[in-house]
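Open the model in your viewer and keep the sequence panel beside it. The tour goes from one selection to the next.

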Amino acid sequence: MTRLQGFMRFECSAFRVQGRLRPAAMILAGLLLSAVVAASAIEPFPFESELQEQRFRSLAEEIRCTVCQNQSLADSDAPLAQDLRRELFAMLQDGRSDMEIRMFMVDRYGDFVLYRPPLAGHTLLLWGGPIVLLLIALGSTIVIVRRRRKAL
Amino acid sequence: MIAEFGQVSLILALVLAILLGTLPLYGAHRGNETLMRLAPSLVIGHFVFLAAAYVALSAAFLNHDFTISYVALNSNLLLPWYYRLSAVWGGHEGSLLLWMLMLGGWMLAVAAFSRTLPREFVTRVLAVMAIVSIGFLLFTLLTSNPFDRILPGPTDGRDLNPLLQDPGMIFHPPLLYMGYVGFAVAFGFAIAGLLGGKVERDWVRWARPWTLAAWAFLTGGIALGSWWAYYELGWGGWWFWDPVENASFIPWLIGTALLHSQAVTEKRGSFPAWTVLLSIAAFSMSLLGTFLVRSGVLTSVHAFANDPERGLFILMFMAVVTGAALLLYALRAPRIMTGPGFDWMSRETMLLINNVFFTVSAAMVLLGTLYPLIVDFMGWGQISVGPPYFGAMFILLMTPIVILLPLGPFTRWKQDEVMRVIRPLAASAAVAIVLGLIISAALGAWNLRAITGWIGGIWVMAGAIAWVTRQWRSSRSGLALHQWGMTLAHFGVGVFLIGVAMVESMTFERDMRIAPGQTVEAAGYQFTLHEVTQVKGANWRADEARFTVHRNDREIAAMNPQKRLYHRGGQVMTQVALRPGVTRDLYIAMGEELDAESGAWSIRIHVKPFVRWIWGGAALMTLGGLVSASDRRYWRRRRTEAKQARTAEVPA
Amino acid sequence: MIRMLLPLIVFGGLLALLIAGLQTAEERKLVQSPLVGKPVPEVTLPALHDPQTTRSTAELVGQPYILNVWGSWCWACRVEHPFIERLGQEAGVPLVGFNWKDEREDALEWLERFGDAWSFHLVDFEGRAAIDLGVYGAPETYLVDHRGIIQHKHIGPIDATVFEDLMRRIMQMRAEAGS
C-alpha cells in the first residue's frame with residue numbers, strides 16, 4: 001500500500017514538463033516527488049461575468065481534489081482537477097445552481113469532496129460539538145463566578 | 001567518521017538525559033543535595049553532546065557526505081552552502097535533531113537563569129524536561145537516525161525539496177520548534193509544582209517569562225510559515241486550515257489561554273488547577289502536532305515522510321508523558337478554590353472568559369482536524385473538513401474576544417463597575433465605528449467583512465492606545481515592560497484583524513492569458529508583459545516573464561515571475577513575483593505556455609490589499625511576547641523571594 | 001475525584017482514536033466511490049483501434065464484466081499488467097479497457113509492447129466520461145454485474161492478493177448471472 005501511494009501521487013503533481021508527460025519523467029516524478037507539490041492551477045476561463053467568476057472560484061475552493069494530498073480544485077494542478085474545473089465551468093455556463101454542481105461532485109466522488117461538510121446525522125457532533133462545549137464552558141463560568149462572589 | 005561521531009554524541013546525550021531524568025529527581029525527592037547538584041552539569045553535558053551531533057550533521061551536509069543517507073536525500077552538489085546548512089532540518093530526521101537541540105537549549109537556559117529558585121524545584125523542572133528528551137532521543141536513535149549510512153554512497157545527492165530552498169524556510173522551522181519546545185518549560189514547571197506540592201502562585205510566576213517567550217516564538221514561527229506559504233506555494237493564500245497548520249495552531253490557542261490564566265493565578269492565586277492543566281495541555285498539543293505531522297495519520301499538503309511506525313512511537317511516548325502528567329494532576333492538583341473572591345465585573349471574570357473562548361476554539365480546531373478520523377472510526381464514510389468549517393466557527397468564537405479585548409486591561413481585579421470600565425473606552429468605540437466606516441467607504445470595501453474588520457481592528461488598537469495613555473498619565477514611573485508587551489500584542493491583534501478582513505473580502509485574483517506586448521488591467525493597475533526569456537540559476541533554469549506595472553500612467557514596478565525547472569529532481573516550481581506594499585501586494589504567478597506561436601502564457605495576477613498587516617500584526621504579537629518576557633519584574637522579585645526562601649530554609 | 005480524572009479520560013479517548021486512525025491511514029487515503037452498489041453510468045465512447053466506431057457500456061448489459069482504467073502514461077498500469085493478462089484469460093467475463101487521458105499512438109504503441117489482454121477499449125481522451133464513472137486515478141478496476149450494478153471498485157494496481165479477491169468476486173457474479 002505504501003508503494004501504491006508513491007505510484008499514484010504524481011497525479012497531483014505538476015510534472016508536465018512540456019505539456020505532456022513522458023513515461024520516463026513520470027517514473028522520476030512518482031519516485032522522487034516529495035510531499036509538497038508546488039505549482040498552482042492557473043487557467044484562464046472566459047467567464048461571462050464577474051459574478052460567474054466569483055461563483056467559480058468559491059465553488060472550486062470548496063471542493064476537494066480527490067487525487068491530491070489536501071488541496072481544493074482551485075489549488076490543484078492534477079490533470080483530474082483540470083478536468084473537473086472544466087466541467088465546473090461548463091456547468092456554470094449551463095446555468096446550473098451551486099447546489100446542483102455540488103451534488104454532481106458528491107454523486108461521483110462522495111461527501112469526501114466537500115470541504116464544507118453538510119449538516120447531517122454524522123456531522124452533528126462536528127457542527128454542534130463546539131457550540132455545546134461553549135455553552136457548558138460559559139455555564140461553568142457563571143457557576144464559578146457565583147461561587148467566588150460569596151468569598152468577597 | 002563524522003557520522004559516527006554524531007551518532008556517539010547522540011548516544012551520550014541519551015545517557016546523560018537518563019541520568020538527569022533519574023538521579024537528581026530522586027535527590028529532590030529525598031532532599032539529597034549531592035544528587036541535586038548533579039543537575040546543572042548534566043544539563044550542560046546533555047546540551048554539548050546534542051550540539052556536537054548537530055554540528056556533525058551540518059558538517060556532513062557542508063562536505064557533501066552522501067554516504068549518510070539523510071544527506072543524500074536532502075542535498076546535492078549544486079546546493080548553495082546556506083541551503084545545505086538549512087537542509088539539516090529539511091527532513092524528518094534532521095528536524096528532530098533540531099527539536100532536541102532546542103530542548104537542550106531551553107534546559108540550559110532554565111538552569112542558567114533559575115539559580116535563584118529553590119534548588120529542589122529547578123532540579124525537578126530539569127529532570128522532567130530530561131525525561132521528555134529521553135523520549136525524543138530514543139525516537140531518533142531507534143526509528144529516525146539522521147546518521148544512517150548507505151554504503152557505497154551515491155556520487156550525488158537527490159535534492160533538498162525546492163520548496164524548502166528559500167529564506168523563509170531557513171527561519172520558519174527553528175522558530176516554530178522554539179515555540180513548540182518552549183512549552184516544555186511551562187510543562188516542566190507545572191509538573192515540578194505538582195511533584196513538590198509547591199504553592200502555585202510561586203511557580204506560576206517563575207513560569208511566566210518562559211511561557212511568554214515560547215508563545216512569542218510560536219507566534220513568529222507560525223507567521224513565518226504563513227508568509228512562506230503565501231509566496232512560495234504560488235496560490236496566494238496565507239492560511240489553509242491544513243492539518244499541519246492546525247497542528248501548530250492548537251498549541252498556540254492553548255498557549256494564549258495559558259498566558260492569560262497564568263496572570264490570574266500569579267496575581268490572585270485563583271484557578272491554580274486550571275493553569276496546571278493548561279500547562280500540560282499546551283505541551284501535549286505540541287506533541288500531538290509532532291505526531292500529526294510525522295505519522296501520516298491525516299492527509300496534508302505539507303507532511304514529512306510518512307511512517308505509521310514512527311507515528312506509533314510518538315503516540316506511545318505521548319501516552320506516557322501526557323498520561324503520567326494527567327494522572328499526577330488528578331492526584332495532586334489543588335482542588336480547593338484559593339485566592340480571594342471576585343465579582344461579575346472583574347479582571348478575573350474577564351480572563352476567565354478569555355480562557356473559555358480560547359480553549360473552546362482549540363477544541364474546535366482539534367475536533368475539525370480529527371473529525372474525518374471519527375467518521376471513519378464510526379463507519380460513517382469519508383468526509384473532509386476544510387476552510388469553510390474552520391473559518392465560520394473561528395469567526396463565531398473569536399468575535400466576543402475582539403469585542404471584549406480592550407475592556408480587559410481596564411478592568412480592576414476583584415471588583416469593578418461596568419461604567420467605570422466602559423467610560424474611558426467610549427471614545428475608542430466611537431472612533432472605531434466612525435473611522436471604520438469612513439475607511440471602508442474610502443477604500444471601496446463596502447462589504448460586511450471589511451467593515452466589521454476595520455471597526456473591530458480599530459476598536460482593539462484604539463483600546464490599546466487608550467489604556468497606555470491612561471496608565472502613562474496615572475503612574476509616575478511610566479509603564480512596566482510587561483505592560484508595554486501586553487499592549488503591543490493587543491495592538492497587533494487589531495492590525496492582524498484588519499489585514500485578514502481586507503484580504504478575505506477585497507482580494508483581486510484572476511487567471512489570464514497574456515501574450516508578450518499585451519497589457520491587462522487588474523484592480524486599477526496595468527500589467528504589461530514584455531517578453532518571456534530563459535534564465536539560469538545555480539541548480540535550476542527557468543522561463544522568466546518580464547512585466548512592468550503601471551498605475552495612473554506611472555510605472556511603479558518591474559516584476560519577473562519565473563517557472564523553474566530544478567535539474568536534479570526535475571521538479572517544476574512557480575517562483576512568484578511580488579511587489580509588497582503597506583496597503584497592497586502585487587503578486588504574479590506563471591502557469592503554462594498556452595500557445596507557442598504567440599508566446600501567450602496563462603498568468604495569475606493577485607492584488608492583495610493589506611496582506612502585510614496579517615504578518616505585521618503577528619510580528620507585533622511576537623514582539624509583545626518577548627518584551628513582556630524580558631520584564632525585570634519577573635526576575636527581580638524572584639531574587640528577593642529566593643533570599644527569603646533561603647533564610648527560611650536554613651533552620652530546616 | 002471524577003472531575004479531576006476527566007482530562008485523563010478525554011486524553012485516553014483521543015489516544016484511542018489516534019491509534020485507530022493510524023491503522024487505517026493508508027486505507028483512508030483512497031476515496032471510496034459512492035457509485036459502488038449503483039448502476040454503472042452509461043458511457044458511449046470511441047473504440048481505441050477503430051476511432052470511427054463507438055462502443056458503449058450498454059451493450060454489455062446482461063452479463064458481468066470488468067472495467068479497467070489505464071493509460072500509457074501510467075506506470076502502475078505496467079506493474080499490474082501481468083494480472084490484467086491473467087484476468088483476461090481466467091475471469092471468463094469481458095475485460096473492458098478504459099483508456100484514460102491518453103493519446104492514441106501512445107496507447108497503441110503501449111499495447112503493442114506489453115500485450116493487449118482486454119476484450120476492447122473505450123477511449124476517453126478528454127476525461128469527461130471518467131468523471132461520470134468517478135475515476136480519480138489510474139489504474140482502477142470496476143466489477144459490474146449482469147444487472148449493470150457496480151459491485152466493486154479497486155483503486156490502484158492489482159497484485160496477487162487483489163487478484164485473488166477480484167477472481168472470487170467475479171466467480172460470484174458469474175454464479176448470480178447464471179442463476
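Two residues count as being in contact when their C-beta atoms, placed from the backbone, lie within 7 Å. Keep in mind that this model is predicted.

**Stop 1: a residue in helix 6 of chain B**

Select Ala130(B). It sits in helix 6 of chain B, residues 119-143. Leave aside residues up to four places away in sequence, and Ala130(B) touches Ala17(B), Leu20(B) and Gly21(B). Is Ala130(B) buried or exposed? Ala130(B) is buried, because 28 other C-beta atoms lie within 10 Å, and 20 or more are enough for that label. Ala130(B) and Pro400(B) are 270 residues apart in sequence, and their C-alpha atoms are 40 Å apart in space.

**Stop 2: chain A**

Chain A has six helices and zero strands. Along the sequence the pattern reads α-α-α-α-α-α. Chain A has 152 residues, and 41% of them count as buried. Take the contacts in chain A with a separation of 6 or more: residues 24 or more positions apart account for 52% of these.

**Stop 3: where the chains meet**

Bring chain B back. Here 57 residues of chain B are in contact with 45 residues of chain A. On the chain B side, at least two residues each come from helix 12 (347-377), helix 13 (387-404), strand 1 (508-514), strand 7 (572-575), strand 9 (584-595) and strand 10 (600-609). Which element of chain B gives the most to this side? Helix 12 of chain B does, with eleven residues. Colour the chain B side by residue type: 32 residues are nonpolar, 18 polar and seven charged.

**Stop 4**

Zoom in on strand 1 and strand 10 of chain B. Seven bridges pair them in the antiparallel sense. Pick Asp511(B), and look for its bridge partner in strand 10 of chain B, Arg604(B).

**Stop 5: a hairpin**

Move to strand 4 (residues 540-551) and strand 5 (residues 554-559) of chain B. They run antiparallel and are joined by five bridges. Phe547(B) stands opposite Met559(B) in strand 5 of chain B. The two strands form a hairpin with two residues between them.

**Stop 6: two crossing helices**

Two packed helices are described by the angle and the distance between their axes. Select helix 15 (residues 418-443) and helix 16 (residues 448-474) of chain B. Their axes come within 8 Å and cross at roughly 145 degrees. The crossing of helix 15 and helix 16 of chain B is right-handed. Residues of this contact divide into 18 nonpolar, four polar and one charged.

**Stop 7: helix 18 of chain B**

Finish with residues 611-629 of chain B. Helix 18 of chain B has 19 residues and spans 28 Å from its first C-alpha to its last, close to the 27 Å expected at 1.5 Å a residue. How many of the 19 residues of helix 18 of chain B are buried? The count is 17, so helix 18 of chain B is largely enclosed by the rest of the structure.

Methods:
Residues numbered from 1 in each chain as written. Chains lettered and ligands numbered in written order. Predicted model: local features only at pLDDT ≥ 70, side-chain atom pairs only at ≥ 80, totals over all residues. Helix = DSSP H or I, 4+ residues; strand = E, 2+ residues; numbered from the N terminus. Nonpolar A, V, L, I, M, F, W, Y, C, P; charged D, E, K, R; others polar. Buried ≥ 20, exposed ≤ 12 C-beta atoms within 10 Å, placed from the backbone. Pairing = 2+ DSSP bridges. Expected span 1.5 Å × (residues − 1). Axes fitted to C-alpha atoms, helices over the stretch in contact; angles between N-to-C directions. Left-handed = near helix turned anticlockwise from the far one by under 90°.
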